[in-house]
Amino acid sequence: MTRQMSGAQMVVQALKDQGVDTVFGYPGGAALPIYDEIFQQNEIRHILVRHEQGAAHAAEGYARSTGKPGVVLVTSGPGATNTVTGLMDALLDSIPMVVLSAQVPTFMIGTDAFQEADTVGITRPCTKHNWLVKDTNKLAETLHQAFHVATSGRPGPVLIDIPKDVQFATGDYIAPGKVKISHYQPRVKGDIEAITALVEAMEKAKRPVFYTGGGVINSGKGASQLLRELVAGTGFPITSTLMGLGAYPASGDNWLGMLGMHGTYEANLAMHDCDLMINIGARFDDRITGRIEDFSPRSKKAHIDIDASSINKVIQVDIPILGDVGHVLEDLLKIWKSRGRKTNAEGLKKWWSKIEEWRAVDCLKYKNSDSLIKPQYAMQRLEALTKDMDRYITTEVGQHQMWAAQFLGFEDPNRWMTSGGLGTMGYGLPASIGVQVAHPEAVVINVAGDASFLMNMQEMGTATQFNLPVKQFILNNERLGMVRQWQQLLHGERYSHSWSESLPDFVKLAEAFGAKGILVDDPKNLDDAIREMLAHDGPVILDCLVEKHENCFPMIPSGKPHNEMLLGEASTEGAIDAGGAVLV
Amino acid sequence: MNALKLKKGASGKSAYDLKNPLGDLIETHTIAVLVDNEAGVLARVIGLFAGRGYNIESLTVAEVDHTGHLSRITIVTTGTPAVIEQIKAQLARIVPVHEVHDLTVEGPSVERELAMLKVAGKANDRVEAMRLAEIFRASVVDTTLESFVFEITGAPSKIDAFVDLMRPLGLIEIARTGVAAMLRGST
């Protein structure tokens, strides 16, 4: 049973059949037939962004906060190329996203037509897969396949390029259930033998640590529950990457804090000194490993990942387990319980007392001030005043992102949206819009820097138009703070182009967009300013003027191992050598 | 296909490692990849090699199953054992890729390549070229009074040897297909 309809109608029908309720997009010539269909229905909400990059990041925010794929609709040429940064961002952070790009009609492809670009060529390396559909009869199947690919295995972005004549032409629509089964069916169950080997290692380990990542979040809420059960049962310490925050609660007893370049002292030293490292859905990113040769030299390493290419890519592991985190943890718990829930209690006790020594260093301490707002203090107050709310946090990229990760506590998965892999400045504002669209009643806060915020600030217009009360919390140091920090530590304090002259008046900027603007520069007024921001029923920019030269610590300098962390200003002298300087 | 036949071997090196990432022994592997014969699939495979800095020594591709729209790509590549494992895992996760076989590991395998050589020698050189062609079981597919075009099939090393011998005898042009390969035996 097939139904005849136009390609444009198929697009809308397929989105409905896939359960899509929201599309982020921007119209243009080649996309007009699809936009005409969008106009004639009410089931799918279209959020008009101000720039296609904003659409892609908004879709990422939507996806990351709901677990459902984010959908983007753009026109040909510049519409499509403007999504490239968002596609790459979603690829590196494994965010399911479906981008529908219009294309010039098939008979004009290759003629350098107006707004023509080789979109599938340009986006091939920044999508999980992409398609150019030249036949309306293949469109429905391709659309359903696209959702399948975006959401199965390691999630990621896909793009479908749809020429205008294919949108106009009539063809057979196929419903999702009628599509022939794709050969793309990634394995989700882990190898029981390997899982048993891990259980055996866990039973003996004296100094174990769980190192978890975004894969736990992507595996669904059930995976986070299983992780919590496993941690509570074994009593092992747990740390997480930037992408994995919230899978295990920050208030949990076994929580060591985030690891990596700006992670906590206790987390990084536990990684360095452990005898069993259990990587669950993380990928040994260079921000985590530091110098490869000295990465956790004495540990046995297990790695649970759904992507075979992530295993042994950077670090050779002893127990590779290919599978979905949720499925593997389920089997792991079952086997561990059936063997009598054993752990090395004596070893663990010693290990925890060692960890407590590291914790006592209190690596996140900083010198507060009565006259200036310290960015760390701003994050602590934001945490104190919002932690009991139904709260979602997005960030831009830089120092503020790391302070947010260090000082905000995440109790649940899908509450923390940040650009981890690509490090995209300009991600946070549009992402906050996507989150707010998905969670209209929640408090959605974008922790931003002054420089990052400017990169996609046009999306304030989207927030106002759709009455999305997103809160933009700008830690304004009038600097590209992280660049300035590296120039201070690494380039002889030559601050090449790392300060923001001619910043806009953010209060007036907010007002110009029809939002509320608040400025605060005195620590005594900070709480009131945050409360005022939260109380306002509409989008707000809170311009929080902070100490301009604060550095983000702790820090593992590039090219250094975990146990050579910088804990504060006093320890930075000559910390990074020439070898480290070539790294990013 | 078992994409995760993980061997512990060479130490892991990241792109951020300052030392020579090819410090380990370089191996040559022949990899057969079965893919959907769809637009852009070759670009995906080549783009993977270019984008991640892997080597391609030889690459051949043609449709092998017309009804199933499947093509077979044969790639000869070089790298450390860790890099070779990574290449296979990266290939296996391309969506239109059905199977990845490392014929060098799964082997023994037969590797064959076809080459055409245009040789324009005079007098004794012409006779000598003809005589060597017979030894190598190369056949003449075109001839004029001044030239031969030889067709030769065999393992790449045999073709290399034939090319070297033809060079002083008036070799003016070479066309090679690249390697096609298959496992020996009935599986």
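This is a predicted model: local features need pLDDT of at least 70, side-chain atom pairs count only at pLDDT 80 or more; totals for chains, interfaces and linings use all residues.
Two strands count as paired if DSSP finds at least two bridges between them, and helices (H or I, at least four residues) and strands (E, at least two) are DSSP runs, numbered from the N terminus. Residues are numbered from 1 along each chain as its sequence is written, while chains are lettered from A and ligands numbered from 1 in the order in which they are written.

**Exercise 1. Which strands pair with S13 (residues 300–305) of chain A, and in which sense, parallel or antiparallel?**

Step 1. Start with strand S12 (residues 276–280) of chain A: S12(A) and S13(A) pair in the parallel sense, over five bridges. To find your place, look for A:Leu276, which sits opposite A:Lys300 in S13(A).

Step 2. Now take strand S14 (residues 319–322) of chain A. Four bridges tie S13(A) to S14(A), again in the parallel sense. Here A:Asp305 is opposite A:Leu322 in S14(A).

Step 3. Check the burial. A residue is buried if 20 or more other C-beta atoms lie within 10 Å of its own, exposed if 12 or fewer, and partly exposed in between, with C-beta atoms placed from the backbone. Five of the six residues of S13(A) are buried, so the strand is largely enclosed by the rest of the structure.

**Exercise 2. How do helices H16 and H17 of chain A cross, and which residues meet?**

Step 1. Get the geometry. Axes are lines fitted to C-alpha atoms, for helices over the stretch in contact, and angles run from 0 to 180 degrees between N-to-C directions. The axes of H16 (residues 375–386) and H17 (residues 399–407) of chain A come within 9 Å and cross at roughly 45 degrees.

Step 2. Name the arrangement. Angles under 35 degrees count as roughly parallel, over 145 as roughly antiparallel, 65 to 115 as roughly perpendicular and the rest as oblique. H16(A) and H17(A) are therefore oblique to each other.

Step 3. List the contacts (C-beta atoms, placed from the backbone, within 7 Å). From H16(A) come A:Pro375, A:Gln376, A:Met379, A:Gln380 and A:Glu383, and they meet A:Gln399, A:His400, A:Trp403, A:Ala404 and A:Phe407 of H17(A). By class, that makes five nonpolar, four polar and one charged residues. (Ala, Val, Leu, Ile, Met, Phe, Trp, Tyr, Cys and Pro count as nonpolar, Asp, Glu, Lys and Arg as charged, and the others, Gly among them, as polar.)

Step 4. See what surrounds H17(A). Nine of its nine residues are buried, so H17(A) is largely enclosed by the rest of the structure. Those buried residues pack against several elements of chain A, including H16, strand S15 (391–395) and helix H21 (481–490).

**Exercise 3. Which residues of H16(A) meet helix H23 of chain A?**

Step 1. The axes of H16(A) and H23 (residues 526–535) of chain A come within 10 Å and cross at roughly 50 degrees. H16(A) and H23(A) are therefore oblique to each other.

Step 2. On H16(A), look at A:Ala378, A:Arg381, A:Leu382, A:Leu385 and A:Thr386; they meet A:Leu526, A:Asp527, A:Ile530, A:Arg531 and A:Leu534 in H23(A). These residues split into six nonpolar, one polar and three charged.

**Exercise 4. Is A:Gln458 buried, partly exposed or exposed?**

Step 1. Find A:Gln458 in the loop between helix H19 (450–455) and helix H20 (460–465) of chain A.

Step 2. A:Gln458 has 16 other C-beta atoms within 10 Å, which means that A:Gln458 is partly exposed.

Step 3. Leave out neighbours within four places in sequence, and A:Gln458 is in contact with A:Arg50 and A:His51.

**Exercise 5. In what order do the four strands of the open sheet in chain B stand?**

Step 1. The order is S2-S3-S1-S4, with antiparallel pairing. Strand S2 (58–65) and strand S4 (97–102) of chain B stand at the edges with a single partner strand each, so one side of each lacks a neighbour in the sheet.

Step 2. Zoom in on one pair: ten bridges join S1 (residues 27–36) to S3 (residues 70–79) of chain B. One landmark is B:Asp36, whose bridge partner in S3(B) is B:Leu70.

Step 3. H2 (residues 81–92) of chain B lies across S1, S3 and S4 of chain B, running at about 160 degrees to S4(B).

Conventions:
Two residues are in contact if their C-beta atoms, placed from the backbone, lie within 7 Å.
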